[in-house]
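Reader: I would like to go through the labels attached to this structure and see what each one rests on. Please show it before we start.

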Amino acid sequence: GTPPVDAGCALLETNEHSCEGAVDEDCDGFVDCLDTDCRQAPNCCPNPAPESGDTACTDKLDNDCDGQIDCQEMGCQGVYECSCTPAGPEDGSFPISCGDNNDNDCDRLKDCEELACAFSSLCCSKSASTESGASCFDGLNNDCDPEGADCADPDCKMSTDAGATASTETNCTDGLDNDCDGIADCRDADCRPTLACCDKTESTETSCGDGANNDCDAQGADCYDDDCALSPSCCRPVVGGESTALLCNDDKDNDCDGLVDCKDPQCASTRTCCVAYLRDNGQALEKTETSCIDKYDNDCDGALNCKDSDCGGIKNCGGIIIIDPPVETQ
């Protein structure tokens with residue numbers, strides 16, 4: 001708005017012509033270059049230029065500092081952009097605009113000259129009866145139907161033709177919707193297990209049945225990850241169970257019962273687990289069985305106490321009562 005006039009202002013000019021000195025000569029409340037009277041003063045418009053021609057009339061600048069911009073200037077009335085009246089967009093969203101012989105958006109491009117009209121059936125150069133094969137990724141509306149090009153055309157949906165779209169998102173970093181399901185790359189659930197799209201939620205894979213590579217390592221998701229080896233959903237029992245010296249010393253639950261190596265009673269008869277059992281119970285391994293009444297197989301030969309020939313056998317063991325120990329020491 002107009003600022004209040006200073007009652008004490010000395011009116012020196014009816015219009016401000018002296019545009020320097022910080023004096024409001026016409027007492028309108030505006031000083032020097034802030035006063036519209038000074039627009040074209042040398043100090044307020046140091047480099048005035050004619051407002052005419054294609055460039056000056058379309059640059060959205062007041063080149064001659066007269067308060068009028070571009071097509072507002074009389075000198076711009078002959079410029080194309082000033083004589084053309086925009087009627088709307090010229091693109092495939094309004095197909096008729098690509099074939100009405102008008103420059104609807106006043107950009108000097110008419111109908112099929114517009115890049116935005118390239119997918120319009122009115123501007124199409126038909127090269128195939130249907131959109132299929134590698135043509136589903138060439139950016140062209142090859143069959144010139146109203147649906148458009150590539151994945152926009154139902155012909156391309158889940159195509160299995162050579163070079164065409166896949167049944168799943170096969171490349172998760174190419175920026176393309178490979179399976180034409182409307183979702184590209186990492187936004188597609190097909191890409192969820194890939195390292196490129198991995199969202200790390202666990203330091204080790206413990207969720208072994210959710211289809212996700214939760215720790216984002218190269219081994220993959222769920223049962224492909226060694227972290228899931230002991231998971232019931234991933235474990236595959238060996239024939240015969242966990243009973244051999246090799247299976248009882250591999251840090252795996254080979255029979256999928258939740259017990260690993262010497263913690264599994266089936267491993268009790270192996271020498272490795274027998275030695276471990278003696279150690280855990282404060283017993284020493286003996287070359288021959290000399291402690292015949294302690295419930296331990298001290299020499300780990302598979303024969304316990306009086307059942308061991310080192311003790312003279314059951315008949316010659318001094319009448320000792322044989323008490324079978326827990327299964328894991330037998």
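Author: A residue is called buried when its relative accessible area is under 20%, exposed when over 50%, and partly exposed in between. The model discussed here is a predicted one.

Reader: Why is cysteine 191 called buried?

Author: The relative accessibility of cysteine 191 is 0%. The cut-off is under 20%, so cysteine 191 counts as buried.

Reader: What makes cysteine 191 and cysteine 172 a disulfide?

Author: The rule asks for a pair of cysteine sulfur atoms within 2.5 Å. For cysteine 172 and cysteine 191 the S to S distance is 2.0 Å, so the pair qualifies. The torsion about this S-S bond is -90°, and the link is left-handed. Both cysteine 172 and cysteine 191 are in the loop between α2 and α3, 19 residues apart. Cysteine 172 is buried because its relative accessible area is 10%.

Reader: How many disulfides does a search of the whole structure find?

Author: The search finds 19. Another one of them joins cysteine 124 and cysteine 144, with sulfur atoms 1.9 Å apart. This link is left-handed too, with -80° about the S-S bond. Cysteine 124 and cysteine 144 are 20 residues apart, both in the loop between α2 and α3.

Reader: How do you know whether cysteine 124 is buried or exposed?

Author: Its relative accessible area is 19%, and the limit for buried is under 20%, so cysteine 124 is buried. Cysteine 144, at 17%, counts as buried as well.

Reader: Why is the disulfide of cysteine 33 and cysteine 44 called left-handed?

Author: Because the torsion about its S-S bond is about -90°. The sulfur atoms of cysteine 33 and cysteine 44 are 1.9 Å apart. Both residues lie in the segment before α1, eleven residues apart.

Reader: What makes cysteine 44 partly exposed?

Author: Partly exposed covers values between the buried limit of 20% and the exposed limit of 50%. Cysteine 44 has a relative accessibility of 21%, so the label is partly exposed. Cysteine 33, at 40%, also counts as partly exposed.

Reader: How do you know that arginine 108 and glutamate 81 form a salt bridge?

Author: The rule requires a side-chain nitrogen of Lys or Arg within 4 Å of a carboxyl oxygen of Asp or Glu. The closest N and O atoms of arginine 108 and glutamate 81 are 2.9 Å apart, so the pair meets the rule. Arginine 108 lies in the loop between α2 and α3 and glutamate 81 in helix α2, so the bridge ties together parts 27 residues apart in sequence.

Reader: What makes Asp54, Glu81 and Arg108 a network?

Author: Salt bridges link these residues. Besides the bridge to glutamate 81, arginine 108 forms one with aspartate 54, where the closest N and O atoms are 3.5 Å apart. Aspartate 54 is in helix α1 (residues 53–56), 54 residues from arginine 108. By this rule the count comes to two salt bridges.

Reader: Why is aspartate 264 said to have no salt bridge?

Author: The nearest side chain of opposite charge, lysine 263, is 12 Å away. The rule requires a distance within 4 Å, so no bridge is counted for aspartate 264, although this residue is buried. Aspartate 264 is in the loop between α2 (80–83) and α3. Leaving aside neighbours within four places in sequence, its contacts are Glu242, Asp255, Asp257 and Leu259.

Reader: What makes serine 120 buried?

Author: Its relative accessible area is 5%, against a limit of under 20%, so serine 120 is buried. Serine 120 touches Pro95 and Cys98, not counting residues up to four places away in sequence.

Reader: What is noted about phi of cysteine 27?

Author: Phi of cysteine 27 is near 55°, a positive value in a residue other than glycine. Cysteine 27 is found in the segment before α1, and is buried because its relative accessible area is 10%.

Technical notes
Residues numbered from 1 in each chain as written. Predicted model: local features only at pLDDT ≥ 70, side-chain atom pairs only at ≥ 80, totals over all residues. Heavy atoms only, no water. Helix = DSSP H or I, 4+ residues; strand = E, 2+ residues; numbered from the N terminus. Buried < 20%, exposed > 50% of the residue type's maximum accessible area, 1.4 Å probe, protein only. Lys, Arg positive; Asp, Glu negative; His and termini not counted. Contact = heavy atoms within 4.5 Å.
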